[in-house]
Amino acid sequence: MTQRIQKLSSLLANQIAAGEVIERPASVVKELIENSLDAGSRHIEIDIEAGGLRLIQVRDDGFGIHPDDLMLALDRHATSKIKNQTDLEQILTLGFRGEALASIGSVSRLQLTSRHGDREGLRLSFDGNLQKEISPAAHPVGTTVAVHDLFYNTPARRKFLRSEKTEFSHVEELIKRLALAAPQIDFKLKHNQRLVKHYLQAHSQAEQTQRLATLCGAAFATQAIFIEAEGAGMQLSGWLSLPHFSRTTNDLQYFYVNQRLVRDRLISHAVKMAYQDVLYRDRYPAYVLFLTIAPAEVDVNVHPAKHEVRFRQRQVVHDFIYKSITDALAKLHEASSSHPITSPSQPPSNIEKNWTPPEVQAAMAKNAPLLSSLPISIQRQMPMSTHHACTMHAVEQDRQPLGEARFQLQGIYIIAENSKGLVLVDMHAAHERIVYEQMKQAFDSQAIVQQHLLHPLTLHLSAREADVAEAHTEFFASIGFTFSRMGVEQIMLRTIPEVFSGGPLDVLVRDIISDLLQHGQSMRAQREIHRLLGTLACHHAVRAHRILTVPEMNALLRAMESTDRSNQCNHGRPTIVSLSLADLDKLFMRGR
Ligand code: ADP
Ligand code: MG
């Protein structure tokens, strides 16, 4: 016998709908606070008991609900926020589906108390199946929603909840996300009657930075730059971490589109690309960014919890974000290299340690590659610069903005003189950038030059490492390495990238394998390959404490002039600091 079709009860229909958006206490908190924000509130108080399982209460001073609408507020598909399809395409409120209260009401015991203007205050109690009850209640203008015993009638859901502590930490994180995008609103959060968080209203820039520090930590607030950009009908504002404040996870990345927090691959890609060349390897930038865009340009109705959006003109949005951030980061470097004295010095020491393991440093110190075997482009540059030496001095100075090398300080810095004054160059950092750019170019044009080893070299690896290497033979070939598997724990190298001749091959190959292990198939993405080239470049760059001759130093300066982004190393530290004569005069308080 076939089953017949029947209509679900409205309770069951609501519970099914709730399944999509009300996953845990934090999702209730989100829906309620979003309603308070949509109602123009200035103060929002959140009371949580037992991680939200016993009580979630949100009280606001917004415009409240008209007494005649109170009953409707709990109906599914009942909303004051849109009326027709045109409105649906122009959404500026956080809610619009009219489903949240109905969903929450179907899986809890809910009380909604509200006062609108000078109308009387009313309370509506709702208990799943039971009748809605309305009674008068004293309440200032605004609304309070109390949600008791979440999931009491859907035990399956309740089973998926974690400890009170964990659920409360989800609530905290959620409030943080909402509070970041609503700086003018005062938030108070209590857990089991104890005040846990209080985010004060922030109006001025200083107050906003203070609030950012409270929400995201003082370290981020002091090491972030505020950006504001406009173009293509959009605005982007917010905070970006300085490149050296990178993180090992993507846990400090908040992106809002018209005040709504979204996770969007297009956006994270744009940001990642903008940081690509100033961040090292497995580091993530931190940011809190707000994009303002015409509501008609973005569809917010594509995800149950509205975490995702769809842009009408994807490429335009991507390019705008990419460009705004790239420009902001580029300005940073101009600023840091032209005001070396006043800019706060950021200790790079931890990063420094990060990217060159001690054993590599030791190996490199012993086995320092000769500069003559180093960057091909430096050698190509040298005849050029001797040729130009015959031309007029002034012209030369313009063509060589980094000037003439004069001296090497402590084996670390090159001191040069140009037409404006003094130029200081961090030799290792600069060289690393040059090698990196060069490798990128060579790789992108498939021009990595291979060198055959006279005597094939046997590398001893773990079985797992050897397996990974073997599985990525093609990739290794694309960067100049060819080898054959000789045994469970051995491979034999036959060719290597020429640019790496003289380096410690075993360390390098192992590093590449560990990159592959971590990033797997995504290695094929250009970004991952660039990271890897970063590893190569770092190993390959001339080490500090190498004594360079003046022609070698000049060759390095010329190579820098012809290299993109050579004013910063791969980790975002400056490679060049210039001091004009005027700067020097100031230092010596010398009037002219
Ligand atoms: P939506 O937010 O999608 O409209 P909800 O179910 O969340 O749907 O809320 C239904 C309606 O109840 C809202 O459209 C709004 O008119 C009213 N409402 C809910 N919460 C509040 C509040 N805190 N202040 C004022 N009105 C509210
Ligand atoms: Mg809502």
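Reader: Is L422 buried or partly exposed?
Author: The terms rest on relative accessible area, where buried means under 20%, exposed means over 50%, and partly exposed lies in between, using a 1.4 Å probe and protein chains only. Because L422 has a relative accessible area of 25%, the class that applies to L422 is partly exposed.

Reader: Before we continue, what kind of model is this?
Author: Residues are numbered from 1 along each chain as its sequence is written, chains are lettered from A and ligands numbered from 1 in the order in which they are written, and side-chain values use heavy atoms, with hydrogens and water left out. Local features need pLDDT of at least 70, side-chain atom pairs count only at pLDDT 80 or more, and totals for chains, interfaces and linings use all residues, for this is a model that is predicted.

Reader: In which strand is L422, and which residues does L422 contact?
Author: Helices (H or I, at least four residues) and strands (E, at least two) are DSSP runs numbered from the N terminus, and L422 belongs to strand 18, residues 421–426. Contact means heavy atoms within 4.5 Å. Leaving aside neighbours within four places in sequence, the contacts of L422 are I415, A416, V577, S578, L579 and L584.

Reader: How many helices and strands does the chain have, and what percentage of its residues count as buried?
Author: The chain has 22 helices and 22 strands. Of its 592 residues, the part that counts as buried is 48%.

Reader: Which residues have the most contacts inside the largest nonpolar core?
Author: A nonpolar core is a set of buried Ala, Val, Leu, Ile, Met, Phe, Trp, Tyr and Cys residues joined through side-chain atoms within 4.5 Å. The largest such core has 60 residues, and those with the most contacts inside it are I33, F187, F220 and V288.

Reader: Which helix gives the most to this core, and which residues does I33 touch?
Author: With 7 residues, helix 7 (residues 164–180) gives the most to this core. If residues up to four places away in sequence are not counted, I33 touches I44, I46, V58, I175, L178 and F187.

Reader: Which residues are closest to ligand 1?
Author: A residue is near a molecule if one of its heavy atoms lies within 4 Å of it. Ligand 1 is surrounded by 19 residues, and the closest are N35, T79, S80, K81 and G98.

Reader: What polar atoms lie by ligand 1, and how much of ligand 1 does the protein bury?
Author: A polar contact is a pair of N or O atoms within 3.5 Å; within protein, one must be able to donate a hydrogen and the other to accept it, and residues adjacent in sequence count only if both atoms are side-chain atoms. A polar side-chain atom of D60 lies 2.9 Å from a nitrogen atom of ligand 1, while a polar backbone atom of G98 is 2.7 Å from an oxygen atom of the ligand, and a backbone N or O atom of L101 lies 2.9 Å from an oxygen atom of ligand 1. Accessible areas come from the Shrake-Rupley method with a 1.4 Å probe, and for residues only the protein chains shown count as cover. Taken alone, ligand 1 exposes 530 Å², and the share of this that the protein buries is 93%.

Reader: Why does T143 count as buried, and with which side chain does its side chain make a polar contact?
Author: T143 is in strand 6, residues 142–148, and T143 counts as buried because its relative accessibility is 9%. Among the residues that T143 touches, not counting those up to four places away in sequence, are V58, D60 and L112. The polar contact of its side chain, at 2.9 Å, is with the side chain of S114.

Reader: Where is H43, and how far apart in space are H43 and G62?
Author: H43 is found in strand 1, residues 43–49, and counts as partly exposed because its relative accessibility is 38%. Although H43 and G62 are 19 residues apart in sequence, their distance in space, C-alpha to C-alpha, is 8.2 Å.

Reader: What is the phi of A50, and what is the phi of N258?
Author: Most residues other than glycine have a negative phi. A50 lies in the loop between strand 1 and strand 2 (55–60), and N258 in the loop between strand 11 (253–257) and strand 12 (260–261). Both have a positive phi without being glycine: for A50 the value is near 50°, and for N258 it is about 45°.
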